Amino acid sequence: NEVLETNQHRIAMNALIRSIRHHWAGRTDFIVGGNMFVYFSPLQAKTHDYRGPDFFVALDVDGSYSRQAWVAWEEQGKLPDVVIELLSDSTKAIDLGLKKTLYEQTFQTTDYFVFDPLDAHSLRGWHLSTTGQYEELQPNEHGRLWSAKLELWVGVWDGPIENESRAWLRFYDVRGQLVQLPEEAAAQEVKTAKYETL
C-alpha cells in the first residue's frame, strides 16, 4: 500500500521535493526524498521495519550523492528530521495513527505534517517536544504551520502546477514568501528581465 493514490498526490509530492531542492540549491548537507523506503530495523534487516514516507528531509548528512533508499544503519542511525504524509481515504487512519506513533517514538522525527491533496482544509502538523512527545502545531493568521527544522512555513497555496489548478501544499520562507519551483523562478526572471528592458 506504499503507492501514491492519485495524480494529484504525485504532483503534490514532486512539488514539495523540487521546491526544497531549488530553495537549497548549493547546499550539500541534506537529503530530500519521496516515496522512497526508509529502513530502520535494529537488526539491520531489509525484510521488515521499513516505511515509504511521501516526503522526508534528513538534515546534517552528506547530500553529495543520491541514495536508492534511506538505510538508517548506513547513515549512523540517522532517521528523517521532517516527514510529510499525503493523506487519502485509504491511508488516513494509518497516517494519523500507526505512522504518527512510529515517527514520534521510533524515528523521533522533529516535525510531522499531514495533508490531503483533495482537501484544502486538511493540513495538520506536530512538533516533537522536549519530552519526546508530539505537540500539535497551531496555525498562524495565514493558516500556515511552522517547521522549526526546515525554518520554513508549511501552508496551502492555490494555483496551477503541471497544468492542474487546485490547493497545493507548499513551503513559505520566514518572510512569508512562497518557496518557488524552478519553473516559477525561471518565469519570474523572464518577467523581471522584460520589465527592466522597458
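Is Gln-76 buried or exposed? In this predicted model, Gln-76 comes out as exposed, with a relative accessible area of 77%. Its place is in the loop between β5 (70-71) and β6, and its phi is near 55°, a positive value in a residue other than glycine. Asn-35 also has a positive phi, about 50°, although it is not a glycine. This residue lies in the loop between β1 and β2 (38-39), and Asn-35 counts as partly exposed because its relative accessible area of 33% falls between the 20% and 50% cut-offs.

Now for strand β4, residues 55-59, where 5 of 5 residues are buried. In a regular strand, side chains alternate between the two faces of the sheet. For β4, one side carries Phe-55, Val-57 and Leu-59 and the other Phe-56 and Ala-58, and both faces are covered. Strand β1 (residues 30-33) runs antiparallel to β4 and is joined to it by 4 bridges; here Val-32 has Val-57 as its bridge partner. Strand β6 (residues 82-86) is antiparallel to β4 as well, with 3 bridges between them, and Val-83 in β6 stands opposite Phe-56.

At 7% relative accessibility, Ser-88 counts as buried, since the value is under the 20% cut-off. Ser-88 and Tyr-50 are 38 residues apart in sequence, and their C-alpha atoms are 20 Å apart in space.

On to the rings: the count comes to 12 aromatic pairs. One of them is the tilted pair of Tyr-39 and Tyr-50, at 5.5 Å centre to centre and 50° between the planes. This pair links distant parts of the chain, with Tyr-39 in strand β2 and Tyr-50 in strand β3 (residues 50-51), 11 residues apart. Tyr-39 is buried, at a relative accessible area of 12%, whereas Tyr-50 is partly exposed, at 34%. Phe-55 and Phe-171 form another tilted pair, 5.8 Å centre to centre with 45° between the planes. Because Phe-55 lies in strand β4 and Phe-171 in strand β12 (residues 164-172), the pair ties together parts that are 116 residues apart in sequence. Both Phe-55 and Phe-171 are buried. Ring pairs also link Phe-40, Tyr-103, Phe-107, Tyr-112, Trp-126 and Tyr-134 into a cluster.

Charges meet rings too. The charged end of Arg-27 sits over the Trp-24 ring, 4.1 Å from its centre, and Arg-144 lies over the face of Tyr-172, at 3.5 Å from the ring centre.

Definitions and conventions
Residues are numbered from 1 along each chain as its sequence is written. This is a predicted model: local features need pLDDT of at least 70, side-chain atom pairs count only at pLDDT 80 or more; totals for chains, interfaces and linings use all residues. Side-chain values use heavy atoms; hydrogens and water are left out. Buried means under 20% relative accessible area, exposed over 50%, partly exposed in between (1.4 Å probe, protein chains only). Helices (H or I, at least four residues) and strands (E, at least two) are DSSP runs, numbered from the N terminus. Two strands pair if DSSP finds at least two bridges between them. Rings of Phe, Tyr and Trp (its six-membered ring) pair if their centres lie within 6.5 Å; planes under 30 degrees apart count as stacked, over 60 as edge-to-face and the rest as tilted. A charge sits over a ring if NZ of Lys or CZ of Arg is within 6 Å of the ring centre and within 35 degrees of the ring normal.
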